[in-house]
Structure formats: structure tokens, C-alpha cells
Amino acid sequence: MYLGLDESGAGRVGEPNIIAALKVLTKHHQYIDTPKALAVLPEDTELKKVQSYLEKVIEQQAMQWRRGQVLKSLTHAELLQVHQRRMQVESNRVLVTDERLCSSCKKRLQTSAFARHSDGTIEHFWCYEKNLKDSSA
């Protein structure tokens with residue numbers, strides 16, 4: 001429209017209004033595809049006229065890159081915290097002896113599969129599943 005292009009964008013109709021086109025580009029730089037916008041400008045357009053638009057585009061790109069770097073750093077910090085927490089949880093040891101009893105049924109654990117709760121109590125795995133089903137019903 002400002003550059004005198006017809007509706008299809010293929011051919012020129014009339015004299016281009018470069019000043020108005022550059023104002024639109026500068027004002028709405030975040031929504032415009034830069035290579036396409038520069039391709040439709042006349043070849044004899046001075047770089048000085050396009051400078052403010054290009055500065056805005058570069059500022060936006062730099063801001064997006066900085067946001068990406070901050071997000072990357074935050075994600076890495078969160079990952080380190082998760083690894084640290086996992087190491088703490090995995091460092092808790094449970095000693096199962098022949099005398100150790102299930103906290104639910106009070107039978108010996110022996111070689112059965114068992115579940116350990118966060119409070120340190122241990123029960124047979126099937127007792128744990130049964131208690132889970134009973135508490136959810």
C-alpha cells in the first residue's frame with residue numbers, strides 16, 4: 001500500500017511513500033518479517049532511512065536472546081536443585097533384618113518386596129497397595 005504495490009504484492013502501482021512505510025515498519029517491527037519487508041523496499045532506499053527500523057529489530061532480537069539465556073540459566077539451576085534433592089532422597093538407607101516387622105500387618109518382612117514411607121516406616125508392598133486402595137475409596 002505505502003510502497004505502491006498492487007493487492008497481490010507483485011507489481012507497483014503509483015509512487016511509493018517510503019517515509020510512511022518506514023514509520024509503519026518501525027512502529028510494528030515485532031510483527032513484520034524483516035527479510036520480506038526489506039525485499040519490497042525500493043533498491044535505491046538509503047540505509048539511513050531504514051536505520052531506526054533495523055535498530056528496533058536488532059534490539060528486539062537481543063532482548064529475546066537475553067530472555068532465552070535467563071530461562072536457560074533458571075532451568076539449569078532448577079535441574080541442579082532436582083539432582084541435589086534426588087541425591088538426598090537416595091542417600092537414605094533402610095536396614096531390613098529378620099526381625100523387622102511390617103507397620104501394617106505386623107508380620108516379618110523377610111525377603112518380600114517392601115515400601116518405605118517418608119516417616120521411615122516400612123510395610124510389605126502388597127500392604128502398601130491395599131492401604132492405597134482403601135484410602136482412595
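Contact here means heavy atoms within 4.5 Å. Helices (H or I, at least four residues) and strands (E, at least two) are DSSP runs, numbered from the N terminus.

This is a predicted model, in which local features need pLDDT of at least 70 and side-chain atom pairs count only at pLDDT 80 or more, while totals for chains, interfaces and linings use all residues. Residues are numbered from 1 along each chain as its sequence is written, and side-chain values use heavy atoms, with hydrogens and water left out.

1. Helix α3. This helix covers residues 47-90, 44 residues in total. From first C-alpha to last it reaches 62 Å, close to the 64 Å expected at 1.5 Å a residue. The expected span is 1.5 Å times one less than the number of residues. There is a bend of about 30 degrees at Tyr53, taken as the angle between axes fitted to the seven residues ending there and the seven starting there.

2. Burial along α3. Buried means under 20% relative accessible area, exposed over 50%, and partly exposed in between (1.4 Å probe, protein chains only). The buried residues of α3 are Val50, Tyr53, Val57 and Gln60. Their cover includes α1 (18-27) and α2 (34-40).

3. Cysteines. A disulfide is a pair of cysteine sulfur atoms within 2.5 Å. The whole structure has zero disulfides. For Cys102, the nearest cysteine sulfur is that of Cys105, 3.7 Å away. Cys102 is buried, at 1% relative accessibility. For Cys127, the nearest cysteine sulfur is again that of Cys105, 3.8 Å away. Cys127 is buried too, with a relative accessible area of 5%.

4. Positive phi. Most residues other than glycine have a negative phi. Lys106 has a positive phi of about 65 degrees. Gln110 also has a positive phi, of about 50 degrees. Lys106 lies in the loop between α3 and β1 (114-116), and Gln110 lies in the loop between α3 and β1 as well. Lys106 is exposed, with a relative accessible area of 54%. Gln110 is exposed, also with 54%.

5. Aromatic pair. Rings of Phe, Tyr and Trp (its six-membered ring) pair if their centres lie within 6.5 Å; planes under 30 degrees apart count as stacked, over 60 as edge-to-face and the rest as tilted. The structure holds one such pair. Phe125 and Tyr128 form it, tilted, at 5.9 Å centre to centre and 35 degrees between the planes. Because they are three residues apart in helix α4 (residues 125-136), Phe125 and Tyr128 are separated by about one helical turn. Phe125 is partly exposed at 35%, and Tyr128 is partly exposed at 29%.
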